[in-house]
Amino acid sequence: MGDYYRRDGNRRPPKRRYRSDDDDGDYRRGNRYDREDSLAKLKRETIALADSPLVKIEDALQNVATGFIQNFDNEEFRASYLDCLHDLVIEQPFKIPFVATVIRVANLEKEEVAKVVVEHMGAALQKFLQLGLFTQVKLLMRFFACLGNVIGDDGVRPLLEQIIEKLPDYNKEGDEGLLLQFTYIVLITLPYALVSGTTNIDHDAIAELLVKIKPFKDIKDPMQTLLDPFSGNNTPYNERRSEGQHMLEVLYLNLEVYLSGKADDEFTSIRCLPTPWDHITESGPAQPVPVLEFPEEYPIDKNSLHPEMYFSVFADQPVQTVPPPMDMASTLFRDAIVDTINILDCNRLSVSRFLIEIDCFFNPKSFLKRATPYDRVKEVADGEQQSRWKPEDIAVDAIFSQLFRLPAPVHKLVYYHSILTELCKLAPAAIAPSLGRAIRFMYRNLEVLDTELIYRFVDWFSHHLSNFGYTWKWAEWSEHLNYPDVHPKKAFILGSLEKEIRLSFATRIKGTLPEAFKELIPEEREKEQPVFKYDLQDNPLAEVGKELLTVVSERKEEEEIEAVLTKVTAVAQEKSLVEASDPGAITRDVYVTCICHIGAKSLSHVLSCIERCKEKLLAIGMEHPDARRQIVGSVLSYWKDQPGIGANVVDKLLNYSIVTPLSVVEWVLHDAGHEALSNTHAWEMVATTINKVNNRVRQILAARPSVLGSEGVTPDQIAVFEETLKNAEDEQALILAEVTKALGAMAEMDDDAIVDIDSHAWVQWWASGWLRAFKRKFGVKDADNKTRLIENGSAAAAPAEDDTDAVMA
């Protein structure tokens, strides 16, 4: 800018303004909130409730209530602020007791305020109930519970009674998910009702409600045995009663334990909950409780409703830094944290901040000081009846429960990865040690962990290390390097390194490893591009292979490429390389290998090459029943040193329909070798393929009502739609049958060719784990599970289905 002014002597830069230039000589930067109107200010103060321990909560609540009362008669203000309260209740579960306290304070001064809020929240509750949005229903029920006597001396009990009366209607096959959802909503509302100070809700009232609920709490999900994160009843928890239990059963046990005894501390069980209304001595006029109307049918897929199983990475520690599963605080913390994580998926930074500050939203006596070292927990807590619970451990435990949730997490796995990364950045001194103990727990129990969760653990571990310089204390696991490659611990190490190489490059990863681990990354992996096997002089097809590579890469005419392919076949026959059962196998292998080599530089290169050669690839895939399967094998053969890239290329070929889902599954289960079951790329290939098949069926079924219900749809169009659906379901059934047959045979194989007995046993272990995981993905009801149906007040077991008659959801 100076050069601009210097080139013309007649022009001068504008005079810089100084503070002294102001007329009044007082130059001050304005506060960003100075121009804030009363509505924006009240919203900001409401949203910030309980965020800071430095602000006296009673004063903050009174200020917010006063602001609402003063502007209540302004209709525009009232409507906007009601929406703010509504959004805060259903988006930030930690704040619900504080929002309810604002209404309790306001009700003492102006009962119209509470009346309008109760009506507004009641309408929202009814709307969410009609839509089948059960998380929102649960949070609004919690809000009503926290209102206490504002909605009468019975408080939230009439609402709970309405739900309990409806439970028998859902006690039938196919509605187990609905029954478990509503039962959990009732149970998780009871602790908040207990601490709300409601006149007619005490221990006896809770005991009466539990008696009514008891027949339903033992209902099992049809897939419950497949949802346990640990296989074979080998849960590594100190408290065995939580083994294989879903959160509803754990919560019911929590309430029974609470009612059966009295603790002498101030922070366990329901005493962990905040009670910001303690300073309020009156309740004011009572407001009418809304009446619920339950829909005949819910616009949701009831097969997607599954109970959440109890899972903890800190439940086996000598010093308990999280509440034990039989303490109700464990369930209350977990429920609020999980809802916060899954609701605020649009803002991982806010979620991370809330999780760091969870001690602000509960009874502060329930937590140790943040970042207290694990080896000092006992020392700090002893002698004062002080809690040993670390807030960062509780937060990390809840995140891992979602990361390893079965049958599937609520959001994409990378979302939970990102939260853990943000937590480490916000509070490294507190979170890093907690993550270290969580990682060691997972690694220690790999042999009893569900197979799918092992692969999720590999994904998260490698991704997390990539954000922090790929540093880890690998030497701790050096004793396991002598294990066979199919041992879960050795497979985890190999899989993690392979993933890290994908995220970076082999040379860099090798530089982060101790000497003993560097042998796991051979020199071949350090090459930028795989060796083109036809460049090797000892390859009998070297000359024609290089010729084909040239014509394909130079985009020659189709006739010229065909001529070279014919030449490849002739040379192969001349050198006796052709198999009688499939004469074109060699030619296909050469062609696919050339495409892989041309596209080896990047994903865009390989996609461009596949797009250009698509017609030819489709044609050679039709030459033989096993041709597509062989294409998969040729791709993985070329990328044998970087199989993750090969699996990605196969996925792209699947998108172009060059290979079929069945051919991918068959190659992994029949051609890749039994040891491939422990490889992360093999799991990715089969799991991704099966997910695509299942999603296609779900999408067609979801579109069915709109297609068949549309005006002007002809019978021919309906027939085409039904045929498409039938073909998709037939493909799904075919893959399920193939997976069941192949993995079942591997799980029971007696192969004399396997000399290593340990390896043989672990191959069988992987096969059984894969079979369990894919049954779950296909929605197969486990034969060992018996769904209890309540008939005349007694539990009757439904007949078990045979595996051969498995039902797909």
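How many salt bridges does the count come to? I worked on a predicted model, and the count came to 49 salt bridges.

**Entry 1. The chain as a whole**

I began with the overall totals. The protein chain has 33 helices and 2 strands. Of its 809 residues, 54% are buried. I then looked at contacts between residues at least 6 apart in sequence, and found that 75% of them join residues at least 24 apart. The chain exposes about 37,100 Å², and carbon and sulfur atoms supply 49% of that area.

**Entry 2. Individual salt bridges**

I looked up several pairs by name. Arg440 forms a salt bridge with Glu476, and their closest N and O atoms are 2.7 Å apart. Arg440 lies in helix 18 (residues 428–444) and Glu476 in the loop between helix 19 and helix 20, so this pair ties together parts that are 36 residues apart in sequence. I noted both partners as partly exposed: Arg440 has 26% relative accessibility, and Glu476 has a relative accessible area of 33%.

Lys172 is bridged to Asp175, with 3.6 Å between the closest N and O atoms. Here I recorded Lys172 as partly exposed at 46%, whereas Asp175 is buried at 5%.

The side chains of Glu554 and Lys556 also meet in a salt bridge, at 3.5 Å from N to O. Glu554 is partly exposed at 47% relative accessibility, and Lys556 is partly exposed at 34%.

I also recorded a network of salt bridges that links Asp450, Glu452, Arg456, Arg772, Arg776 and Lys777.

**Entry 3. Charges without a partner**

Which side chain of opposite charge is nearest to Lys652? I found Asp651, at 4.1 Å. Lys652 is found in helix 29 (residues 643–655). Leaving aside neighbours within four places in sequence, I listed its contacts as Leu603, Leu607 and Ile610.

Glu559 is exposed, with a relative accessible area of 59%.

**Entry 4. Backbone exceptions**

Most residues other than glycine have a negative phi, and most peptide bonds are trans. I therefore looked up the places that depart from this pattern.

Tyr470 has a positive phi of about 55° although it is not a glycine. I placed Tyr470 in the loop between helix 19 (451–466) and helix 20 (488–503). Is Tyr470 buried or exposed? Tyr470 is buried, with a relative accessible area of 3%.

Ser576 likewise is not a glycine and has a positive phi, of about 60°. Its place is the loop between helix 24 and helix 25 (585–598). Ser576 counts as exposed, at 63% relative accessibility.

The peptide bond from Leu406 to Pro407 is cis, and its omega is near 5°. Pro407 is found in the loop between helix 16 (391–403) and helix 17 (413–426).

**Entry 5. Two buried positions**

I first took Val686, whose place is in helix 31 (residues 680–708). Val686 counts as buried at 1% relative accessibility. Which residues does Val686 touch, not counting those up to four places away in sequence? I listed Val665, Val668, Trp770 and Phe774. I also looked up the pair of Val686 and Glu666: they are 20 residues apart in sequence, and their C-alpha atoms are 9.2 Å apart in space.

I then took Thr372, in the loop between helix 14 (348–356) and helix 15 (377–381). Thr372 is buried, with a relative accessible area of 9%, a value under the 20% limit for that class. Apart from neighbours within four places in sequence, Thr372 is in contact with Val377, Val380, Lys390 and Glu392.

How values were computed:
Residues numbered from 1 in each chain as written. Predicted model: local features only at pLDDT ≥ 70, side-chain atom pairs only at ≥ 80, totals over all residues. Heavy atoms only, no water. Buried < 20%, exposed > 50% of the residue type's maximum accessible area, 1.4 Å probe, protein only. Helix = DSSP H or I, 4+ residues; strand = E, 2+ residues; numbered from the N terminus. Contact = heavy atoms within 4.5 Å. Areas by Shrake-Rupley, 256 points an atom, 1.4 Å probe, with all protein chains shown as cover. Lys, Arg positive; Asp, Glu negative; His and termini not counted. Salt bridge = Lys/Arg side-chain N within 4 Å of Asp/Glu carboxyl O.
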